[in-house]
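Here are my notes on this model, for reading with the structure open. Please check each point against the coordinates.

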Amino acid sequence: MEVKQNSLFNILLADDDVDDHTFFKEALKDFPLSTHLTWVHDGEELMRRLTEENKELPHILFLDLNMPRKNGFECLSEIKLNQKLKNLPIIIYSTSFHKVIADKLHKNGANYYISKPSEISELKIAVQKMITLIMDENIAQPTIEDFVLTTERKNYKTQFWFSHFFRLPFVENYKQA
């Protein structure tokens, strides 16, 4: 994805939490590149925005997993199955972390996983790393060992919670033939 010099770097954040949106905006404040942050509050709004005719895609999508109306798992699957959207760099940005879930997200095409840090400095580092990779056109998915960027492992949710509240519509579930 080409970013012209002196142009805005378009970031789309899909997250229903107002505090996390503010935290994310703060992380971009001192970034040396001009950025434009668009925020959507739920998965349905995200998918409407991404599939609008003649709408320019963002350079990067930061996707929360736990959103109302359509969760991040469902959105990731829809994006990866859509020809127009499948190459959009997707960074999972969530407080929820569980290795099994991260492994499935990696397998199903997310580019990186940022476990929401409690420190703004850690978020700045992770977001700047992602933007730099895209600017260098180097957003290829890493190995599973390098998939999770933040070192903080806030395991608020468990595998049980995920398996009971989300039906994971991953690509592997669509392979029938």
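1. Ground rules. This is a predicted model, in which local features need pLDDT of at least 70, side-chain atom pairs count only at pLDDT 80 or more, and totals for chains, interfaces and linings use all residues. Numbering starts from 1 along each chain as its sequence is written, and side-chain values use heavy atoms, with hydrogens and water left out.

2. Overall make-up. The protein has 6 helices and 5 strands. Helices (H or I, at least four residues) and strands (E, at least two) are DSSP runs, numbered from the N terminus. Read from that end, the order is β-α-β-α-β-α-β-α-β-α-α. Of the 177 residues, 47% count as buried. Buried means under 20% relative accessible area, exposed means over 50%, and partly exposed lies in between (1.4 Å probe, protein chains only).

3. Contacts along the chain. Contact means heavy atoms within 4.5 Å. Take the contacts in the protein with a separation of 6 or more: 77% of them come from residues 24 or more positions apart.

4. Helices α2 and α3. How do the axes of α2 and α3 cross? Helix α2 spans residues 43-51 and α3 spans residues 72-81; their axes come within 10 Å and cross at roughly 15°. Axes are lines fitted to C-alpha atoms, for helices over the stretch in contact, and angles run from 0 to 180 degrees between N-to-C directions. The two helices are therefore roughly parallel to each other. That label covers angles under 35 degrees; over 145 is roughly antiparallel, 65 to 115 roughly perpendicular, and the rest oblique.

5. Residues in that pairing. On the α2 side, G43, L46, M47 and L50 take part; they meet C75, E78 and I79 of α3. By class, this contact has 5 nonpolar, 1 polar and 1 charged residues. Here Ala, Val, Leu, Ile, Met, Phe, Trp, Tyr, Cys and Pro count as nonpolar, Asp, Glu, Lys and Arg as charged, and the others, Gly among them, as polar.

6. D42. This residue sits in the loop between β2 (35-40) and α2. Is D42 buried or exposed? D42 is buried, at 7% relative accessible area. The D42 side chain reaches the backbone nitrogen of E44 at 3.0 Å. Leaving out residues up to four places away in sequence, D42 touches M67, P68 and R69.

7. N71. Look next at the loop between β3 (60-63) and α3, where N71 lies. N71 is buried, with a relative accessible area of 7%. The side chain of N71 reaches the backbone nitrogen of F73 at 2.9 Å.

8. Positive phi. Most residues other than glycine have a negative phi. N54 has a positive phi of about 60° although it is not a glycine. N54 is in the loop between α2 and β3, and is exposed at 81% relative accessible area. R69 also belongs on this list: its phi is positive, near 70°, and it is not a glycine. R69 is in the loop between β3 and α3, and is exposed at 54%.

9. N10. Strand β1 (residues 9-14) holds N10. At 21% relative accessibility, N10 counts as partly exposed. N10 and L37 are 27 residues apart in sequence, yet 6.2 Å apart in space, C-alpha to C-alpha. Not counting residues up to four places away in sequence, N10 touches H36, E56, P58, H59 and I60.

Terms used. A polar contact is a pair of N or O atoms within 3.5 Å; within protein, one must be able to donate a hydrogen and the other to accept it, and residues adjacent in sequence count only if both atoms are side-chain atoms.
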